[in-house]
Amino acid sequence: MMLIMEWLQTSIQAHPLVFLGMIGFVLGSLPLIEWATYGLSGQRLSQIGTGNVSVSAAFAHGGTTVGVVAVLLEMFRGIAVVLLARSLFPNEPAWELIALIPLIAGRYLIHRGAGVTNVVWGYFVHDWRVAFFTGLLGGIIFTILRAKATSRWLVLALTVLITVLLHPYNTAELTACLLLCLVIAMIYSQIPDDLDLADSSVKPESRRMLGFFRGDRAFPSLKQPLKVSDVGEKSATLSQLKSWGYPVPMGWVIQPGDDPESLVQSLQLSGDCPVIVRSSAIGEDSEDSSAAGQYESFGNITTPCALRQAILQCQQSYSRASAVKYRRDRNLPDTGMAVLVQRQIKGVFSGVAFSRDPITRQGDAVVIEALPGDASQVVSGRLTPEQYQVFIPTEGIEFDTDNDQRARWKIPDEQTFPINGDGNIPPRLIQHVAYLVRHLEHRYHGIPQDMEWSYDGQSLWVLQSRPITTLLPLWTRKIAAEVIPGHLHPLTWSINRPLTCGVWGDIFSLVLGKQADEFDFQQTATLHNSVAYFNASLLGQIFRCMGLPEESLEFLTRGAKLKRPSLLITLKQLPGLWRLVRREWSLERDFEGDCPHLTTALQTLSKDDLHSLSEQELWHRASQIQDLLKIATYYNIMAPLSAAARQAIFRVPDAAIDRQQLPEVASIKALQVLAQDIAQDVAQEVAQDITKNTTQDTAQNSNAFESVQSWDDLHEMLEKITDGMEGRDRLDHRLGDFLDTYGYLSDVATDIAVPTWKEDPRPVQGLLLQYLKHPPIVPASASPNSAQSCSPKVQSRIELKGHVAELYNRLLAELRWTFIALESNWLQKGRLAEPGDIFFLKTDEIQSAPADVSALIQTRRSQLQEHQNQPASYLVYGNGPLQPSGILPTASAASGGEDQTQYQGIGASPGQILGRVVILSSLSEQANLSPGDILVVPYTDAGWAPLLTQASGIIAEAGGRLSHGAIIAREYGIPAVMDIPYITQYLQSGQVVELDGTTGSVTVIRDTLGSDQ
């Protein structure tokens, strides 16, 4: 024992600071209050209430006696640690304050206690003057303000200020005091407050004392900024709307556990000035749960007695069986009921408005239900309200806010919107309501809003606004329209979805770290009516967790510009961003490690004789390719992201980048070279023929391909020129060489249901004919020695992107050919009826090899045909089957002058052109483009690339400056405008339009008949 004591004494003398920290942390982590409370009252503080093991929790759950014991125990800990520090460092008093930090750290980390009592009494022993004056001034401030949160921060500030005044030259003392206060402030911001517990869970003898420290007389009003965690979503939202300038009636909030008597006595109630009592439960009116109808509200309250009774009944409704079951079913915590007492509007007309149609879940209709009188008649369900639809276009309408963040929500006098519905509500009021609720949606970054409103004859009031939970999440086509375009077969989606969701999930997890556990990345994408959408709500949440601004959702749904994230948020995300940067730096090296494996596998796959493989071998081959695609998909996503990021960072202009490595660019060049070779051969043959027959008019042969309308016509022409099959065979051989190199490409690279060029060369043949009839001007490649030379760090990523794209597309082609071979096997066995059936089955259905799938295939085939005849909405709200709206979504059109219509998109390639519109909805359609024609397409996937070069201008419904179409357009100097939704439906082939690729505008000049528009 003597040896142990001697060793301990030696250790303390050698490392006194370490010993002090260890003793402080251990002493703080001892559950003294937990033991005392359990021994005296049988209550386990860690398992009830907020879970805090603190003095206030001991008073609340154990009563006055237990609370006093808890105070004495905390006094002992604080005083003991300070005295220990004084004995170890008698000449350095600053260490007495530093010693309190491990003590309160142990209290917070182990038992979720703030340790304020420890600090108060420890500070009193350390310097009674600072503790006395801080306590005196803090008590006066709290008594005057009666604001708990504000008083806490003021006390911390007072502690530092008084220490500065009493010890102005003691740097160590000041530093220790500041550090201690910062630690306490951090704990305050993280820990729940036991003073917020409802009275029902507090011991009766402690309610008066705890009520004093809550600050019961300071009832927050809707004029103040309110926290959701304190007053519930409803009250916090209304206070936010009021601060923004929306017309919200005045109100006051009774927080959980507060005594409402002082508020009851302060209100001047009368028949002319009634109030309404409304529930504002924590968790009510959120994005996840509306809790509509679960809690009680009471209106037309004109006396103090009625107000007391209404508040009590509203609070009691939180504990009724149906409300408890509602929270259990949705895994909502039992937190508490705040009560909102609000001035009641005497409505002449009232109702509810949905900023989006909850039935069709798409389109631009605002749905309004209204009746004469107050709003309770509509939400009660006892009367059938009048119903209206107001059509406000998503694009083209400005919802302005001024600099001081107050909303300009009133509809402009000159603005009108179409209304469906006939009733007694004035049409202009209906338009005002529709504009207001859409304005609210805009304020909340595109989240659909359910607004309760009332009109008192002079003013329109917002009584409530909450997210329409059934219309969440938001699904957007803005990204998917380019990445996964067109209507998809079930097999394509069953392959693409896990690849896309999995890779994006891995990337987000890399940045977010442990935060990634909160998200289900398998919900990143889905199909609506056979069209792919990305989950804008999920991605918006992820972006905000990554430190991006709250406008992330608008960026995803509307393409709004993102503001710069705050420095503080960026610093918090530095570890995750650093991991992503390191992954980007090693991207090329990682690919070099995986590329040999992918290349060798592709070479092996290409040698397989698919017709000789058994059904089991074919399925094994398909599984092997999907495993390879998991690797390739990662690089196929990261390489374009890396290239775009580097181009932005190094500010490299598009014209300086050489994109010869990209398959879509390389295939165009090869096809153009092929057209030039054929044209030269024909020119030589024609020249020889003219030499032999000098009487022939050479002018008639200036364009030998002018009369060629089909591939067969071209064959016949070559046979005549060469007097045999030589010219035809040479053409087929050259085309075969081209298809051997680029036959793995298709019109839609990501859709394996679409035939590759190797299988169906007709698209290539048609484009070759176009090049022969209208020879393109092949642009010179980017010169590495030009003034705008590309940074090697950017060019290397472009080349990597091209190499990855080739491997990825080749793997998809091999996968398609595998499933076609499997389909051929099933067709022979009679398990499938016709070619193409296998693409209506999912991978797991193919693997299980069902005996009879004919009915399932027929149903899905019919569904796909039906979906292909419907326009795809760019925004879909919520989950479940879409209902046809019957209304074509409004385009972003604006007046472009006298009787001219102008559409606004994204300028993707500079230049202006006036030309004839040629609309092409799919590549399967025949397009006969003439010089000067402007091609209008739904999207610009890599498969469209050869056709795009034949146009003099390009307009696309989807895509941005980094889309395939934009890249090709800039490469060839073709003016292009992207991202004009539904433009293929609003324009007509033959119309003359003016396209400005710099500003992104398209103006209709003349209609189809050529008359002035």
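**Close-up views of a predicted model**

**View 1. I649 sits in helix α25 (residues 615-650).** Helices here are DSSP runs of H or I with at least four residues, strands are E runs of at least two, and both are numbered from the N terminus. This is a predicted model, in which local features need pLDDT of at least 70, side-chain atom pairs count only at pLDDT 80 or more, and totals for chains, interfaces and linings use all residues. Residues are numbered from 1 along each chain as its sequence is written, and side-chain values use heavy atoms, leaving out hydrogens and water. Is I649 buried or exposed? I649 counts as exposed because its relative accessibility is 63% (buried means under 20% relative accessible area, exposed over 50%, partly exposed in between, with a 1.4 Å probe and protein chains only). From C-alpha to C-alpha, I649 lies 9.5 Å from V794, although 145 residues separate I649 and V794 in sequence.

**View 2. Helix α4 (residues 55-62) meets helix α5 (residues 64-88).** Their axes come within 7 Å and cross at roughly 160 degrees; axes are lines fitted to C-alpha atoms, for helices over the stretch in contact, with angles from 0 to 180 degrees between N-to-C directions. That makes α4 roughly antiparallel to α5 (angles over 145 degrees; under 35 is roughly parallel, 65 to 115 roughly perpendicular and the rest oblique). Contact means heavy atoms within 4.5 Å, and α4 brings V55, A58, F59 and G62 to it. Among the α5 partners are V66, V68 and V71.

**View 3. Helix α7 (residues 116-126) pairs with helix α10 (residues 171-190).** Here the axes come within 12 Å and cross at roughly 165 degrees, so α7 and α10 are roughly antiparallel to each other. On the α7 side you will find V116, V119, Y123 and H126, and they meet E173, C177, L180, I184 and Y188 of α10.

**View 4. The largest nonpolar core holds 103 residues.** A nonpolar core is a set of buried Ala, Val, Leu, Ile, Met, Phe, Trp, Tyr and Cys residues joined through side-chain atoms within 4.5 Å. Which residues have the most contacts inside it? They are L714, L768, F819, I846 and L935. Helix α30 (residues 792-829) gives the most to this core, with 13 residues. Leaving aside residues up to four places away in sequence, I846 touches L491, W619, F819, L822, W826, I838 and L841. A second, separate core of 39 residues includes Y388, I411, L436 and V437.
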